[in-house]
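Good morning, and thank you for joining.

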Amino acid sequence: MHYLIWFVVKLAALFGLLITLIFLFFMYLHRHHVTKKIAVWSLIVILLVLLFFSNQAMNTVLSFDYFMKTVGPADGPQMPVENAFSFLMNVDNLREVDIAKDPHELAFLPKEKEVTYTLEAEEVINEIAPGIFYNSWTYNGKIPGPFLRAKAGNKVTIKLKNKETSLHVHSIDLHAVTGPGGGASVMQVAPGEERSFTFLAKNPGLYVYHCATPNVGVHMAHGMYGLILIEPEEELPPVDKEFYVMQGEFYTKGDIGMKGLQIFDVDKYLAGDPTYVVFNGKAEALNGKMKARVGDRIRIFMGNGGVNLISSFHVIGEIFDAVYPESGTPLQKDIQTTLIPAGGASIVEFTIDLPGRYILVDHSLARLDKGAWGILEVEGTWNESIFSPQPSGSRTGH
Ligand SMILES: [Cu+2]
């Protein structure tokens, strides 16, 4: 409710200011005995002030780009006015959620040859950093969406529901699919409806899935992406810990750090200049959730929802013993930083030798300040033969 009250109060304040200005101007004209012209002048002033204040109100409350025309294959990224008004009318029906996907939440490899996954598109209100709220569009109320897992040769059925509280049509395009739109050609789902389709998982790999309803980039920049792992016939070798991490971007009208409910900024989106770059949906989403012990073999399924940036994925103080670059083959060894393309993913593996706090980053390091970092906490015994002297304090060196 507080979002709507905030909006009404702001508009009422602007309206009060407008009335006061008109009244003062009217009194000025009246005192100077130009009553015949008062009506005309008042009308002009009303129109000018309305124009000025409506623009101010829109810029701070909702951003519409009335006249923007882009040249993509579908509708441009502008948000239709009716969507914005229906958002304001429905904002209290949206759930306020903790958007951060737990990096431990990984599906087990199903034993069956035919696998079914059900996803639900839901528009929510969530914090992307302390005190900064956003209207995210999600799969199952989290960013990224659920981790899906199958084996090469499996038949995979995807059911997608679109919650009745949604204001938009949503869909799914899985990069693991061979066929039109990766599924999106038959999976455009209106609010309150459900659709399904089946595909043969032909190629092993770690694939991004995302919403592919125009404007596709705008849907993805609201959080609609996740990963599906198609394991090879021989399956991935066992490890001690697996983690699920995805990088993503938020484009907000308010600059970095501006509190309150933030609205999508189409200019920043087109310029590829996100206000926030985060792992798992919000700043510090991973902290306290990634823990391991010395000697553990770690595997990170690392995806990039984009929509604009390429991630230079690095773990400070570690070397990736093994990387499946872009999740394909062949396997690479001894990698410091690996590129995760927008709409792509990688599998990285390493064994932990020493206790401490290891920071996951996009090594385009300005993005740390935009939120792209997380901590892997490791406990265990120090080994002087690998590193001496033993650091004290936080042990990260950062
Ligand atoms: Cu969507």
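I shall speak about the core, then the strands, and finally some backbone details.

This is a predicted model, in which local features need pLDDT of at least 70 and side-chain atom pairs count only at pLDDT 80 or more, while totals for chains, interfaces and linings use all residues. Residues are numbered from 1 along each chain as its sequence is written.

Let me begin with the core. A nonpolar core here is a set of buried Ala, Val, Leu, Ile, Met, Phe, Trp, Tyr and Cys residues joined through C-beta atoms within 7 Å. Buried means that 20 or more other C-beta atoms lie within 10 Å of a residue's own; 12 or fewer means exposed, anything in between is partly exposed, and C-beta atoms are placed from the backbone. The largest such core has 85 residues, and those with the most contacts inside it include Leu 227 and Phe 301. Strand S2, residues 114-129, gives the largest share, six residues. Why does this core lie between domain 2 and domain 3? Domain 2 (97-241) and domain 3 (243-250 + 267-379) both contribute residues to the core, so it lies between them; the domain bounds come from an automatic or database assignment.

I turn now to the strands. Strands (E, at least two residues) and helices (H or I, at least four) are DSSP runs, numbered from the N terminus, and two strands pair if DSSP finds at least two bridges between them. Four strands form an open sheet of mixed pairing, ordered S4-S9-S8-S6. Over four bridges, S4 runs parallel to S9, residues 225-231, and Lys 151 has Glu 231 in S9 as its bridge partner.

Elsewhere, strand S12 (residues 276-279) is covered on both faces: Tyr 276 and Val 278 are buried on one side, Val 277 and Phe 279 on the other. S12 is antiparallel to S10 (residues 241-250), with four bridges joining the two. Strand S18 (residues 337-340), in contrast, has Thr 338 and Ile 340 on a covered face and Thr 337 and Leu 339 on an uncovered one.

Finally, the backbone. Pro 214 and Asn 215 are joined by a cis peptide bond, with omega about -10°; Asn 215 sits in the loop between strand S8 (205-210) and helix H4 (216-220). Glu 235, which is not a glycine, has a positive phi near 65°. Is Glu 235 buried or exposed? Glu 235 counts as exposed, because it has 11 C-beta neighbours inside 10 Å.
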